[in-house]
Amino acid sequence: MIGGGAAGMLAALFAARNGARVTLLEKNEKLGKKVYITGKGRCNCTNLCDVQAFLQEVPRNPRFLYSALKLLDPEAFLALLNSLGCETKVERGRRAFPASDHASDVTKALENGLRRCGVRIRFHAEADQLLIRDSRIEGVCLKSGETLAAERVIVCTGGLSYPSTGSTGDGYRWAEEAGLAVTPRAPSLAGLETKEPWPAQLQGLTLKNICLTARSCGKIIYSQLGEMLFTHYGVSGPLAIECSAHLPGQRNAELSLDLKPALTEDQLRQRLDRELAAAGKKQLATVMQTLLPVRFAALFPSLIGADGKTPCSQVNGKTRQALVRAFKALPLTVTGTRDYSEAIVTRGGVDVKELNAATMESKKIAGLYFAGEVIDVDAHTGGYNLQIAWSTGALAGQSAS
Ligand SMILES: Cc1cc2nc3c(=O)[nH]c(=O)nc-3n(C[C@H](O)[C@H](O)[C@H](O)COP(=O)(O)OP(=O)(O)OC[C@H]3O[C@@H](n4cnc5c(N)ncnc54)[C@H](O)[C@@H]3O)c2cc1C
């Protein structure tokens, strides 16, 4: 087993429980360094939904996960954690966490489970090469020069995001060297950088109950209601982060913000007319405060080229119409995402066509398995990515043994 993250721990556990002699190689000084920082340190370890609902949260290759989720679905994973002594709780949106709110308790429980079933855990053990002969795995060569013979190897090295946790993409290199197709990788679940500089003026401001729509080549690729945050580079928060998972390969898109999704354009126009009539000589920017947070209200008129100091009684029909349009479809242009150091997951990876979905074994190299983020499967936030790692890890471990 290479990699003692979420997938590697489950792979080792399932292989050992199935009677295999297992060595888990981890280059860090401890297991699950990334798991420690998940869910802001609380570890949103899964999402307690059924398989159909789960697969809807997986934008790429969801069907590849059927067998893995059949072996270990979210409920079964929570039961496993509970049996290993980690109590859990389920919060809003069916998100599950350790009852203690400490991600470390998840890793501790799994590590105890691994030790109890005899898994040999080796820290500071960095794998460097896979040893493959005649399309069959024979072992692993470590950075130290040591060679380990193995009949089966499961690669669980994770993606490229947050490289400080140990995931530096070694598994992709090995897959390519072994002749497996690896789809292009990109940061996903990351903030969106915009061409327009104005979001920086609203840095730190969160908008609730808005609708974010993203288009690429005129086609809607994402549209959801929720919460969004302005940042120094563009936009972040739940909507922007989820939207990033749907961007096309060149990572650009046209965004449209509906700041008042509960009102039609006509209703909004009537409301605006009422507010402006009641305000008389007050300035336009002041009246915008009845519809927007104070900081946004001050900036908003300038986004349509209007002067916020204009007395309300002098706001003409053209400006009113432009304001209504801006409320319903404020444009922003996405030029890219934040990089791997800020992305929650990596999109792309070992092509699912290279793997047997019922076992996670390579179709080309006998005895070589892949599990977790290294595979070209990624999901939205909400506990789905960890569950993918737990489930594919469990299936690879069970199959390899
Ligand atoms: C900030 C942040 C918050 C997140 N929060 C959540 C959340 O709340 N819920 C959720 O579902 N998902 C969350 N995720 C995503 C989730 O953490 C990952 O999808 C998941 O950890 C992937 O598991 P993995 O086992 O494939 O990879 P990792 O957990 O990255 O594990 C890979 C392991 O392999 C080791 N390794 C790599 N190369 C080698 C080598 N050559 N030799 C030996 N060992 C090696 C690494 O050191 C590492 O320990 C979050 C991610 C981030 C970055």
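Two strands pair if DSSP finds at least two bridges between them. Strands (E, at least two residues) and helices (H or I, at least four) are DSSP runs, numbered from the N terminus. This is a predicted model: local features need pLDDT of at least 70, side-chain atom pairs count only at pLDDT 80 or more, and totals for chains, interfaces and linings use all residues. Residue numbers start from 1 along each chain as its sequence is written.

**Barrel**
- Six strands close into an antiparallel barrel, in the order β11-β14-β13-β12-β15-β16.
- On average, neighbouring strands of this sheet are turned by 45° against each other, direction ignored.
- β11 (residues 192-194) and β14 (residues 234-236) pair in the antiparallel sense over two bridges.
- E193 stands opposite G234 in β14.

**Helix packing**
- The axes (lines fitted to C-alpha atoms over the stretch in contact; angles run from 0 to 180 degrees between N-to-C directions) of α1 (residues 6-17) and α13 (residues 384-400) come within 7 Å and cross at roughly 30°.
- The crossing of α1 and α13 is right-handed: the near helix is turned clockwise from the far one by less than a right angle.
- Contacts (C-beta atoms, placed from the backbone, within 7 Å) join α1 residues including L10 and F14 to α13 residues including L386 and W390.
- By class, this α1 and α13 contact has 14 nonpolar, five polar and no charged residues.
- Nonpolar means Ala, Val, Leu, Ile, Met, Phe, Trp, Tyr, Cys and Pro; charged means Asp, Glu, Lys and Arg; the others, Gly among them, are polar.

**Ligand shell**
- 40 residues surround the ligand, with C-beta atoms, placed from the backbone, within 6 Å of it.
- The closest are G3, G5, G158, G166 and G372.
- α1, α2 (33-37) and α13 each supply at least two shell residues.
- The shell has 15 nonpolar, 18 polar and seven charged residues.

Methods
Two residues are in contact if their C-beta atoms, placed from the backbone, lie within 7 Å.
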